[in-house]
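Hi everyone, thanks for making time today. I'd like to walk you through a few backbone details, so please bring the structure up on your screens.

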Amino acid sequence: MASLTGQRVLLCVCGGIAAYKAVELVRRLRDAGALVRVAMTEGAQHFVGTASFQAVSGEPVRTSLWDAAAEAAMGHIELARWADRILVAPATADTLAKLAHGFADDLVTTLCLATTAPMTVAPAMNHRMWLHPATRANLALLRERGVQVIGPVDGPLAEGESGPGRLSEPEDIVAVLARSAGAHAGDLAGLRLVVSAGPTYEDLDPVRYVGNRSSGKMGFAIAAAAARRGAEVMLVAGPVSLATPAGVTRIDVRSAAQLRDAVLAALPADAYIGAAAVADYAPRAVAGNKIKKSSDTLTLELVRTPDTLAEVAASPSRPRCVVGFAAETEEVEAHARGKLQKKNLDLIAANRVGVQGSGFESDDNALTVYSRDGARALGPAPKIRLADELLDLIAERLRA
Ligand code: PMT
């Protein structure tokens with residue numbers, strides 16, 4: 001049976017018909033060895049009474065920020081600190097929206113904002129609400145911050161309709177939680193990782209730049225996963241619009257030269273992971289004023305930028321594991337292996353760009369990780385999952 005022995009799980013139950021399944025979820029969590037406390041939204045109490053949760057958890061159930069007796073016994077901040085993991089199940093569209101945007105207008109959302117514990121959400125809702133662009137965007141934001149999402153699954157829904165929106169089965173939720181707790185709990189503690197992410201912008205004049213399509217999602221997913229697994233993480237981020245993952249120290253940069261300076265200043269480290277799409281060339285000079293259109297053609301002179309990855313690998317404080325990325329449109333293996341060799345890397349994660357469902361901007365990716373003596377294919381899968389799989393390979397090397 002899946003084990004969560006000794007894990008303190010704070011289960012936040014929201015207002016949907018699937019709330020009744022949360023009672024069974026508490027039982028399954030306890031069977032797996034977890035200590036469970038329950039907090040409920042007001043909506044959840046319309047579907048299931050507190051007495052049911054109290055009976056199965058063996059603990060008082062919290063429902064309000066304004067309960068003087070409960071606040072005196074274990075205040076909401078204490079409860080947020082108590083948890084090793086927060087599980088929101090069922091997570092409604094409304095609660096996901098509040099969590100994505102940092103609302104704290106009831107006990108559940110306040111607990112979620114006040115915790116530093118890793119968070120898992122198990123959504124359940126009508127399939128049209130699940131597929132709505134607003135819910136998709138809220139989910140994407142939560143994933144970027146390292147929130148684990150379990151389900152929902154496809155099937156008949158309460159309204160007599162069918163589609164994606166059913167709460168995952170309690171035993172499946174517990175199995176996923178146990179796997180992630182067991183596989184990764186604190187396994188990177190004591191390690192320092194420097195991660196670069198996003199594009200660089202090379203200015204032409206005060207209004208224009210040369211850039212690329214990197215969103216930063218891949219690098220941010222790696223930083224989030226590493227911090228969740230206990231590493232000290234320095235994230236050097238190019239210009240992106242992503243939230244800083246929990247537990248990560250972030251340094252914002254714009255150009256390839258600034259990225260180089262920030263990465264080298266962040267050494268020493270146990271590993272450097274270069275997921276940033278760093279410009280290879282930058283304009284020789286940045287015009288002081290906006291370049292005017294005076295002729296039919298304009299020739300830009302570009303010069304090579306510093307190669308941060310190669311410099312890190314050649315540095316006297318070289319991390320024990322230097323990992324590059326290779327964004328390729330063709331001959332992926334040959335180009336990736338060439339970079340591995342030339343830049344003296346331990347690993348290089350190659351991904352195909354310019355196709356749907358991988359590389360730039362997408363939430364998903366597929367990587368082939370090359371070392372001098374082998375190759376491992378990871379995915380296709382969400383970047384957040386690939387991040388953990390890549391970190392597993394890095395952890396293996398650091399332990400060797
Ligand atoms: O950000 P996303 O939208 O999630 O997309 C992810 C990604 C496609 C950007 C990512 O997975 C990826 O492939 N990142 C590396 C992109 C890249 O610049 O590849 P490259 O083959 O040009 O560079 C090889 C390696 O050298 C990279 O690790 C790069 O960070 C590094 N480099 C390159 C040039 C330079 N001047 N300095 C460097 O450090």
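Let me start with a question: is E331 buried or exposed? Keep in mind as we go that what you see is a predicted model. With a relative accessible area of 53%, E331 counts as exposed, because the cut-off for that word is over 50%.

Now, why am I pointing at E331? Look at its backbone: phi is near 45°, which is a positive value, and the residue is not a glycine. To find E331 on your screen, go to the loop between β16, residues 321-328, and α14, residues 332-342.

There is another glutamate to visit, E361. Here phi is positive too, at about 70°, and again the residue is not a glycine. E361 sits in the loop between β17 (347-352) and β18 (364-371). How exposed is E361? Its relative accessible area is 39%, so E361 is partly exposed; that label covers values between 20% and 50%.

Let's turn to the peptide bonds. Which kind of bond links A89 to P90? That one is cis, with omega near -10°. If you follow the chain there, you'll see that P90 belongs to strand β3, which covers residues 85-91.

My last stop is G151 and P152, which are also joined by a cis peptide bond. Omega is about 5° in this case. As for where to look, P152 is in the loop that runs between β5 (148-149) and β6 (153-156).

Definitions and conventions: Residues are numbered from 1 along each chain as its sequence is written. This is a predicted model: local features need pLDDT of at least 70, side-chain atom pairs count only at pLDDT 80 or more; totals for chains, interfaces and linings use all residues. Side-chain values use heavy atoms; hydrogens and water are left out. Helices (H or I, at least four residues) and strands (E, at least two) are DSSP runs, numbered from the N terminus. Buried means under 20% relative accessible area, exposed over 50%, partly exposed in between (1.4 Å probe, protein chains only).
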